[in-house]
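Please look through the model below with its sequence alongside.

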Amino acid sequence: MRRSFCINPAVLLGFVFLALMICYRPVLAVQVFDLSNFEQSENQDYAGWLISEKLDGVRAIWDGKQLLSKRGNPIAAPEWFTEKLPPFAVDGELWTKRQDFENIASIVLRDKPDKRWRTISYQIFEVPNQKGTLFKRLNILRRWLERSPAEFVRVIEQIPVQSNEHLQAYFQVITAKGGEGIVVRKENSEYLTGRLNTALKLKPVNDAECKVVGYTEGKGKFSGMVGSLHCELLPDQVQRLFPKLAKINRPVEIKLGSGLSNAQRLTPPKIGQIVTFEYNGLTAKGLPRFARFKWVRKEF
């Protein structure tokens, strides 16, 4: 005899919720994780805004319990490091010194932490999920550090902008020291996510030229198109712009994938053509960093 039975909807909902809690591990609150994208704007008077150095480190968000990358992946930090972090969320850069990104990444992105973490500092520029202006949010962290000091946790200095000339002078000082650039924020803005016009970053952009010598086939959404250009750096520019590479005594190739439009991927620059690319400083090996296609050089 077949028996029928009914389950109380509330009980069923409880089982479903429990299963979801077991199978799903929330990474971080959306407000913390949907990180701000800085807008660049022109003809703006920045007097009264705040400027700080943009540190070239590994972005890390502490959610009060674990350290996460900007994509939500756990960072394997040592226990002695995380046990000194506050019980609330902070956002910043894992950093050592200027122009040391490759070394920093090799330390903090390992599956198992090693003793090199002793060289890492956690430079905080934001305290998410707190009310008030930027200074008030950062002061929450400062007060906590007064009670529970951690020598490697530091609040990035925020300097009031006196004028646009002051901003430009600060930018020149930072970049002359090898800094990646600066960040400019409105002091009285609340913590928000998404694309903002209350914060921007300024970084030096360099450009150089190279000769197209080949292609990489595109994959995924670029299937059937060019994925990237194989380009040979011009010898005279290697000597002038990339001195470390001059010691190699052979042609140096780079790949340019970013910056190409779909039309350019379908009909790419021809082999032998000279193209201009942009980049942001150099890697530890002397290669152009974040190289991206700009345009084909026009011959006059």
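**A buried aspartate and its surroundings**

Asp 91 is buried, with a relative accessible area of 1%, where buried means under 20% relative accessible area, exposed over 50%, and partly exposed in between, using a 1.4 Å probe and protein chains only. This is a predicted model, in which local features need pLDDT of at least 70 and side-chain atom pairs count only at pLDDT 80 or more, while totals for chains, interfaces and linings use all residues. Residues are numbered from 1 along each chain as its sequence is written, and side-chain values use heavy atoms, with hydrogens and water left out.

Asp 91 forms a salt bridge with Arg 59, the closest N and O atoms being 3.1 Å apart; a salt bridge here is a side-chain nitrogen of Lys or Arg within 4 Å of a carboxyl oxygen of Asp or Glu. Because Asp 91 lies in strand S5 and Arg 59 in strand S3, the pair ties together parts that are 32 residues apart in sequence. Arg 59 is likewise buried, with a relative accessible area of 19%. Strands, like helices, are DSSP runs numbered from the N terminus, with helices (H or I) having at least four residues and strands (E) at least two.

Two strands are taken to pair if DSSP finds at least two bridges between them. On that basis, 5 strands form an open sheet in the order S4-S3-S5-S6-S7, with mixed pairing. Strand S4 (67-68) and strand S7 (153-155) stand at its edges with a single partner strand each, so one side of each is left without a neighbour in the sheet.

Helices pack on this sheet. Helix H4 lies across S3 and S5, running at about 40 degrees to S3, where axes are lines fitted to C-alpha atoms, for helices over the stretch in contact, and angles run from 0 to 180 degrees between N-to-C directions. Helix H5 (residues 134-147) touches S5, strand S6 (121-126) and S7, and its direction makes about 145 degrees with that of S6. The loop between strand S5 (90-95) and helix H4 (101-108) holds Thr 96, whose side chain is joined to that of Asp 100 by a polar contact of 2.5 Å. A polar contact is a pair of N or O atoms within 3.5 Å; within protein, one must be able to donate a hydrogen and the other to accept it, and residues adjacent in sequence count only if both atoms are side-chain atoms. Leaving aside residues up to four places away in sequence, Thr 96 touches Ile 104, Thr 119 and Ile 120, a contact meaning heavy atoms within 4.5 Å.

The structure holds 13 salt bridges. Glu 180 forms one with Lys 54, the closest N and O atoms being 3.1 Å apart. Glu 180 lies in the loop between helix H6 (164-176) and strand S9 (182-185) and Lys 54 in the loop between strand S2 (50-53) and strand S3 (58-62), so the pair ties together parts that are 126 residues apart in sequence. Glu 180 is buried at 14% relative accessible area, and Lys 54 also counts as buried at 16%. Glu 180 forms a further salt bridge with Lys 203, with the closest N and O atoms 3.7 Å apart. Since Lys 203 lies in the loop between strand S11 (199-202) and strand S12 (206-217), this pair ties together parts that are 23 residues apart in sequence. Lys 203 is partly exposed, with a relative accessible area of 22%. Lys 54, Asp 56, Glu 180, Lys 203 and Arg 289 are linked in a network of salt bridges.

**A second sheet and the whole chain**

Another open sheet is formed by 5 strands in the order S14-S13-S12-S15-S16, with antiparallel pairing. Strand S14 (253-256) and strand S16 (292-296) are its edge strands, each pairing on one side only, and the twist averages 45 degrees from one strand to the next. Strand S15 (residues 274-279) runs antiparallel to S16 and is joined to S16 by 4 bridges, with Val 275 standing opposite Val 296 in S16.

Taken as a whole, the protein has 9 helices and 16 strands, and buried residues make up 43% of its 300 residues. Among contacts with a separation of 6 or more, 68% are between residues 24 or more positions apart.
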